[in-house]
Amino acid sequence: MDDHEYEAPDREEFTENPLGHTRVHAGMTVGELVEEYGHAGIGAESVHESADILAEMLGDEDCTVFLSVAGAMVPTGMRRVISDLVRDGYVDALVTTGANLTHDTIEAIGGKHHHGHEGHEGKTTREHDETLRDEEVDRIYNVYLPQEYFADFESHLREEVFPVLEEAGTVTIERLCRELGRANAEVNEKQEIEEDAGLAAACYEADVPIYCPAVQDSVLGLQAWMYSQTSAFALDALGDMTPLTDLAFESETAGCFLIGGGVPKNFTLQTMLVVPKSYDYAVQVTMDPDYTGGLSGATLDEARSWGKLEKDARNATVQGDATVFLPLLVAAARERLEG
């Protein structure tokens, strides 16, 4: 052998799969862009893999899909992305926060969220928020919500939702969410509200259960508590556990799409701890790091160690803002499924 001839060493983790370069051009679709991401590395590769798994999950007719939505997804404009998934038959169960259901209802009955500012020219952020306080405007980062909409929300609950439930006495949180969806759909249609009836209404019409394990942590929960002080109405905090675990137990295959972390994420994942199987597919979008040890940033590989994911489950995570990546992933997956 020539003294200068190089012989490559054996490499344990190496395949002949060289990195490519993403190409973009005018007129390309979202799905085509995400396919191009597959040639790249770091976050682009994660987006491509996540969209691929999501498409397989949503396209698997035998797969029971659990959608977990935390964070301020509804007030920041993600409401239709989620409700369209439900209406078009891609979701079998929704796990979300009372806050998302509160803001969803406000839009369903005629309220609107508005573009705003985190700060204001010539003012500190604190001074700006003090002004908003005086003007009775609530801020969610760069989204504004006039406080009078919460009064409309309270009236809606007391007139259209709680009286029906009061007759039953103690009800599950899922039943509360179902009646909320019914009332939202009816009022939205009756009053000819320009905005779509929304997420809870879509779940009601599609017979998709909504589980809201931390409903107390919201204006919806506060209103339910206040109504219960002067009526027979009460919520059963454990009542949803049986139907939720039954849904997981009876599924042939199961997948979870986790938007954000918090209680909805863990509530969705822990369901598999009490049934013989685990999730076959899992995709999450999160901005939380895993090194704090918190569940919001916990990796899906960590969930596999608990038995929440099958050993051979397909899973991927996108680290980033869900208002950017939720529509991107859903659009790419739906494009592949629907052409």
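1. A disulfide here is a pair of cysteine sulfur atoms within 2.5 Å. By that test the whole structure has 0 disulfides. Cys203 is in none; its nearest cysteine sulfur belongs to Cys177, 8.8 Å away.

2. Some ground rules. This is a predicted model, in which local features need pLDDT of at least 70 and side-chain atom pairs count only at pLDDT 80 or more, while totals for chains, interfaces and linings use all residues. Residues are numbered from 1 along each chain as its sequence is written, and side-chain values use heavy atoms, with hydrogens and water left out.

3. Buried means under 20%, exposed over 50%, partly exposed in between (1.4 Å probe, protein chains only).

4. Cys63 lies in strand E1 (residues 63–69), where 7 of 7 residues are buried. Strands (E, at least two residues) and helices (H or I, at least four) are DSSP runs, numbered from the N terminus. One face of E1 holds Cys63, Val65, Leu67 and Val69; the other holds Thr64, Phe66 and Ser68.

5. E1 pairs in the parallel sense with E9 (residues 253–259) over 7 bridges; pairing takes at least two DSSP bridges. Cys63 stands opposite Thr253 in E9.

6. E1 also pairs with E2 (residues 93–96), again parallel, over 4 bridges. Ser68 has Val95 as its bridge partner there. The chain crosses from E1 to E2 through helix H3 (residues 74–87), a right-handed β-α-β crossover. Right-handed means that, with the strands pointing away from the viewer, the path from the first strand over the helix to the second runs clockwise.
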